[in-house]
Amino acid sequence: MNRILTGICAFALVAGGSSVLAAQDKSTAAKSSKEVQQDTKTMTSGKTTKTSTDVVSGKVERYERGKSLMVTVPGKMSSTKSFDLNSKDETVHMAANLKVGDWVSVREKTDNNGHKTLTVSRTKHAVKKTTTSTSS
């Protein structure tokens, strides 16, 4: 009975370990991503103007030209944020030749009238490298 139980536990550990390895890449992308949200009110000549800005830096998980963009965002669990690229009341400025796996910065700005401007630009992703030293 103990041998059967040991075999089942070993199988469960091997199966669980492989799913952890598959999720590791997305987890790393989520840890390297960042999101900053900012709301601004400006008063000039008695008139108040409101703008809202959301900047997401992350890895492109999915991209359909002219339709949608999905980017990793920071969090404990790997999560993504989607952007609609064909909305009527939106101006889109897209980096050329964008593909899945590229690292980007997405700036979404909403003005007082609700008009959105979406700017997607490439960024460099710096992976932290560990070095080992050997002494002779």
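## Exercises on the salt bridges

Glu 108 and Lys 116 form a salt bridge in which the closest N and O atoms are 3.8 Å apart. A salt bridge here is a side-chain nitrogen of Lys or Arg within 4 Å of a carboxyl oxygen of Asp or Glu. The model is predicted, so local features need pLDDT of at least 70 and side-chain atom pairs count only at pLDDT 80 or more, while totals for chains, interfaces and linings use all residues. Residues are numbered from 1 along each chain as its sequence is written, and side-chain values use heavy atoms, with hydrogens and water left out.

**Exercise 1.** State whether Glu 108 and Lys 116 are buried, partly exposed or exposed.

*Solution.* Start with the cut-offs: buried means under 20% relative accessible area, exposed over 50%, and partly exposed in between (1.4 Å probe, protein chains only). Glu 108 has a relative accessible area of 15% and is therefore buried. Lys 116 has 32%, so Lys 116 is partly exposed.

**Exercise 2.** Find the salt bridge of Asp 54 and describe where its two residues lie.

*Solution.* Step one is the partner: the side chain of Asp 54 meets that of Lys 81 in a salt bridge of 2.3 Å, N to O. Step two is the position: Asp 54 belongs to strand 2 and Lys 81 to strand 4 (residues 79-84), so the pair ties together parts that are 27 residues apart in sequence. Strand 2 covers residues 47-64; strands (E, at least two residues) are DSSP runs, numbered from the N terminus. Step three is accessibility: Asp 54 is buried at 8%, whereas Lys 81 is partly exposed at 22%.

**Exercise 3.** Locate the two residues of the salt bridge between Arg 122 and Asp 102, and give their accessibility.

*Solution.* The side chains of Arg 122 and Asp 102 meet at 3.3 Å, N to O. Arg 122 is in strand 7 (residues 116-122) and Asp 102 is in the loop between strand 5 (90-94) and strand 6 (103-110), so this pair ties together parts that are 20 residues apart in sequence. Arg 122 counts as partly exposed at 39% relative accessibility. Asp 102, at 12%, counts as buried.

**Exercise 4.** How many salt bridges does a search of the whole structure find, and which residues do shared partners join into one network?

*Solution.* The search of the whole structure finds 4 salt bridges. One of them is the pair of Glu 108 and Lys 116. Salt bridges that share partners join Lys 99, Asp 102 and Arg 122 into one network.

How values were computed
Helices (H or I, at least four residues) and strands (E, at least two) are DSSP runs, numbered from the N terminus.
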